[in-house]
Amino acid sequence: MNWTVLKSLHQLFLDRKTKVKHSLKEDSSFQLLVSNKEIIEVGKNYLPGLLFDSYYKKHHLNQFPIYFDFLETHNLLKKRFEEEDIKTLIELQSKKQSGNLIPSREQLIEAQETVRGFSTMFFKNDKYLDKKDSLIKAINQILDITLVENKDQQYLYILQCEKPELIVLCENLDFLRKDKMPRENNYELWYAGGKNVPKLKYADTRGLPIFYSADWDADGLEIYELAKEKIPELQLLFPTAISKSIVDTEHSSHWKNQDKPEALSNLSSHLYSEKYKAKIKKLIETNHWIIEESNDLKKMIQNSFS
């Protein structure tokens with residue numbers, strides 16, 4: 001639901017009616033409530049059904065004033081942000097204020113971070129912010145930064161520790177946000193920004209073992225191969241998590257040549273041991289993938305030394 005719909009639901013809860021509008025007609029979640037008789041259309045107005053109040057109290061009543069106060073503070077009440085985007089903006093502000101934003105505001109500025117790079121870190125995918133000028137402006141305003149367009153990000157984000165014993169290059173940013181375990185175990189974590197690996201040519205591993213933590217899907221393993229071209233000693237961590245259906249999770253990275261699993265989705269087979277090849281083949285046969293952050297990072301590292 002977007003902010004316009006949320007405001008209409010709040011008005012319906014308080015005033016016991018809200019006007020029929022095109023934006024409500026177009027919203028599938030709102031129309032589902034109409035179909036279920038939780039909201040009733042009468043003439044030019046929507047009225048609450050018998051179950052509307054219990055639905056609203058459970059799903060929206062407590063959150064609405066939080067959203068309202070936040071958007072009012074930043075002069076954003078007239079925007080039609082999706083609810084999940086509002087939550088993300090609030091989270092970004094909270095982490096900035098607490099000093100827990102990773103990458104930090106200063107790192108984002110130094111890196112001259114791109115819109116797509118930022119989108120990869122904090123939203124569904126790298127293209128999520130495309131053509132969402134209002135949301136980009138809100139991010140710039142809240143974090144006091146300027147995201148740039150059409151520029152390769154050449155900055156490597158690093159979660160440091162006191163006495164690093166190894167490095168893990170992560171495909172996604174999630175593990176870097178959970179700093180306690182890596183630091184307690186002397187793991188230094190790197191994030192290059194998905195496929196944006198050319199910068200790794202200049203990375204100094206200082207002679208430390210370096211591993212790669214990936215999404216086990218076509219894109220993730222292709223990124224691993226690109227990164228290994230830049231850092232030949234890079235070792236791929238074997239996953240610990242259970243795979244999930246690409247179809248059921250509506251995932252966008254699809255295996256190539258699914259009718260020929262033995263082709264390993266056109267990956268460079270010489271880079272993988274028999275154990276790794278068997279895992280990839282099984283994922284292709286079942287049309288599954290493994291989400292990087294669902295793995296146990298510590299266990300993956302420990303297994304690599306056993």
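Is N266 buried or exposed? N266 is exposed, with a relative accessible area of 51%, where exposed means over 50% relative accessible area, buried under 20% and partly exposed in between (1.4 Å probe, protein chains only). The structure is a predicted model, in which local features need pLDDT of at least 70 and side-chain atom pairs count only at pLDDT 80 or more, while totals for chains, interfaces and linings use all residues. Residues are numbered from 1 along each chain as its sequence is written, and side-chain values use heavy atoms, with hydrogens and water left out.

The protein has 306 residues, of which 47% count as buried. Its C-alpha atoms fill a box of roughly 70 × 45 × 35 Å along the principal axes. The secondary structure comprises 13 helices and 10 strands; these are DSSP runs, numbered from the N terminus, with helices (H or I) of at least four residues and strands (E) of at least two.

Two sheets are described here. Strands of a sheet pair through backbone hydrogen bonds, either parallel or antiparallel. Two strands are taken as paired if DSSP finds at least two bridges between them. An open sheet of 3 strands has antiparallel pairing and the order β1-β3-β2. Its edges are formed by β1 and β2 (39–42), each with a single partner strand, so one side of each is left without a neighbour in the sheet. Strand β3 (residues 45–48) pairs with β2 in the antiparallel sense over 4 bridges, and Y46 in β3 stands opposite E41.

An open sheet of 5 strands shows mixed pairing, in the order β4-β6-β5-β7-β8. The edge strands β4 (157–159) and β8 (235–236) each pair on one side only. Within this sheet, β5 (residues 166–170) and β7 (residues 210–213) are joined by 4 bridges in the parallel sense. The bridge partner of I167 in β7 is I210.

Side chains of opposite charge can pair when their charged atoms come close. A search of the whole structure finds 13 salt bridges, each defined as a side-chain nitrogen of Lys or Arg within 4 Å of a carboxyl oxygen of Asp or Glu. One of them joins D53 and R16 at 3.1 Å, N to O. D53 is in helix α4 (residues 52–59) and R16 in the loop between α1 and β1, so this pair ties together parts that are 37 residues apart in sequence. D53 is partly exposed, at a relative accessible area of 23%, and R16 is partly exposed at 36%.

Helix α11 (residues 218–230) contains D219, which forms a salt bridge with K195, the closest N and O atoms being 4.0 Å apart. K195 lies in the loop between β6 (187–191) and β7, so the contact links parts that are 24 residues apart in sequence. The relative accessibility of D219 is 28% and that of K195 is 48%; D219 counts as partly exposed, as does K195. E222, also in helix α11, meets K256 in a salt bridge of 2.5 Å, N to O. K256 belongs to the loop between β9 (244–245) and α12 (274–286), so the pair connects parts that are 34 residues apart in sequence. K256 is partly exposed at 35%, and E222 is partly exposed at 21%. Salt bridges that share partners also join R105, E106 and D144 into one network.

A positive surface patch is formed by K7, K17, K19, K21 and K44. Patches are made of residues with over 30% relative accessible area and no salt bridge, and like charges are joined within 9 Å. Among the patch members, K17 is found in the loop between α1 (3–15) and β1 (18–19) and is partly exposed, with a relative accessible area of 46%.

Most residues other than glycine have a negative phi, and most peptide bonds are trans. The peptide bond from I102 to P103 is cis, with omega near -5 degrees; P103 is in the loop between α6 (83–98) and α7 (105–111). R206 has a positive phi near 55 degrees, lies in the loop between β6 and β7, and is partly exposed at 41% relative accessibility. N266 has a positive phi of about 65 degrees although it is not a glycine, and is placed in the loop between β9 and α12.

W289, in strand β10 (residues 288–289), counts as buried at 8% relative accessibility. W289 and S253 are 36 residues apart in sequence and 8.8 Å apart in space, C-alpha to C-alpha.

Notes: Patches are made of residues with over 30% relative accessible area and no salt bridge: like charges are joined within 9 Å, nonpolar side chains (Val, Leu, Ile, Met, Phe, Trp, Tyr) within 5 Å. Accessible areas come from the Shrake-Rupley method with a 1.4 Å probe; for residues, only the protein chains shown count as cover. Lys and Arg count as positive and Asp and Glu as negative; His and the chain ends are not counted. The place of a charge is taken as NZ of Lys, CZ of Arg, CG of Asp or CD of Glu.
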